[in-house]
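User: Could you take a close look with me at the place where the two chains meet? I would like one connected walk through it.

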Amino acid sequence: MDESPPSSALSGLNGLDAILQHRSRLGALVLLSTAENMSFSRLKTLLDETDGNLGAQLRKLEEAGYLSAKKEFVDRKPVTWYSMTKAGRAALSAHLRAMESLIKTVKN
Amino acid sequence: MDVQQMQSDLAYIRGTVARQQRSSNGPSPVLWLWAIYVLVGYTLIDVRPAAASIFFLVAGIIGGFLSAFLSRRWARRTGEYDPAMGRRLGLHFGAGVVLAIAASMGTAMIFKTLTGQQVGQLVVVMIGIVYFLAGVHIAPYFLWLGPVLIAGGLAVGFVPHYGWTMLGAVIAIGLVLPTFFQHAAQLPPQANESH
């Protein structure tokens with residue numbers, strides 16, 4: 001009896017992006033796919049994360065080339081704006097497709 | 001990563017996006033600006049009809065530029081800046097209103113029996129369709145304003161006095177109503193940025 005996982009499950013697993021397997025990182029990219037630019041504080045509020053954790057997760061996304069950050073001053077206070085890069089958009093799309101296919105396979 | 005974890009992550013992300021949508025009722029200053037524009041313009045139709053069309057044209061153009069400026073300021077305050085959405089809304093309402101007026105004028109030229117009042121009503125009904133479509137495709141908070149405009153545009157012909165003023169007041173209230181329900185999540189972007 002063949003107990004190997006079906007090929008659709010394997011392709012789903014292979015398509016998952018290791019960087020996006022953390023939900024804050026995935027959440028940040030999903031939010032940035034709905035609005036071109038978001039500030040650190042806005043992301044923090046929406047993702048319900050602490051400063052330290054969100055900062056670390058966003059740095060990982062930046063290092064992977066999925067996000068770009070821009071600093072500016074609003075009312076003489078520093079604000080970091082994040083936007084998704086083309087690579088980030090492609091990675092998010094591939095990751096979501098893989099998740100969908102994996103969940104479908106398991107449900108079937 | 002197991003499937004349960006994946007489903008829990010997806011639920012978390014769904015909640016996050018829902019929170020974002022609940023707190024995005026549009027830039028309040030822009031909605032207030034157009035509420036004042038509508039209220040003043042529609043009142044002018046009743047009290048000084050000759051000045052109304054000039055007001056709608058001049059204040060409409062100034063309002064368009066002012067909207068762009070206010071939206072950008074609002075975005076910097078709330079920490080969410082989406083120029084693509086701004087362009088879509090600008091194109092939708094700018095072109096939509098111009099086309100609504102042109103279509104009404106065209107109809108008036110074909111059916112020469114239409115009075116000035118009826119052409120005005122037709123413009124409002126057409127603009128109602130523009131609002132409804134904005135609600136369907138771009139910003140949900142405009143959805144119910146469309147049918148209100150269409151019903152108001154039809155009803156205003158049956159109100160003997162100050163019908164346009166009343167309609168203007170209803171639309172103005174409809175425009176500013178969502179601003180009272182802005183979610184507390186819209187904090188200034190500089191708040192607690194210490195990472």
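How many bridges join strand S1 of chain A to S1(B), and do they run parallel or antiparallel?

Analyst: Happy to! Please keep in mind that this is a predicted model. Strand S1 of chain A, residues 37–39, is joined to S1(B) by two bridges, and the strands run antiparallel. Taking the partners one by one, Asn37(A) has Tyr81(B) as its bridge partner in S1(B), while Met38(A) stands opposite Glu80(B).

This pairing belongs to a wider arrangement. Four strands make up an open sheet, ordered S2(A)-S3(A)-S1(A)-S1(B), with antiparallel pairing. The edges are taken by strand S2 (67–74) of chain A and S1 of chain B; each has a single partner strand, so one side of each is left without a neighbour in the sheet.

Besides standing opposite Met38(A) in the strand pairing, Glu80(B) forms a salt bridge with Arg42(A), where the closest N and O atoms are 2.7 Å apart. Across the whole interface of chain B and chain A, the rule finds two salt bridges. The polar contacts between the chains come to nine residue pairs, with both residues at pLDDT 80 or more.

The size of an interface is often expressed as the accessible area lost when the parts come together. Here, chain A and chain B bury about 3300 Å² between them, and 57% of that lies on carbon and sulfur atoms.

Finally, a word on confidence in chain A. The average pLDDT of chain A is 86, and 86% of the residues score at least 70. Within chain A, confidence is lowest in helix H1 (residues 7–15), with a mean of 62, and highest in helix H4 (residues 51–63), at 94.

Technical notes. Residues numbered from 1 in each chain as written. Chains lettered and ligands numbered in written order. Predicted model: local features only at pLDDT ≥ 70, side-chain atom pairs only at ≥ 80, totals over all residues. Heavy atoms only, no water. Buried area = accessible area lost by both parts, 1.4 Å probe. Salt bridge = Lys/Arg side-chain N within 4 Å of Asp/Glu carboxyl O. Polar contact = N/O pair within 3.5 Å; in protein donor to acceptor, adjacent residues only side chain to side chain. Pairing = 2+ DSSP bridges. pLDDT = per-residue confidence, 0-100.
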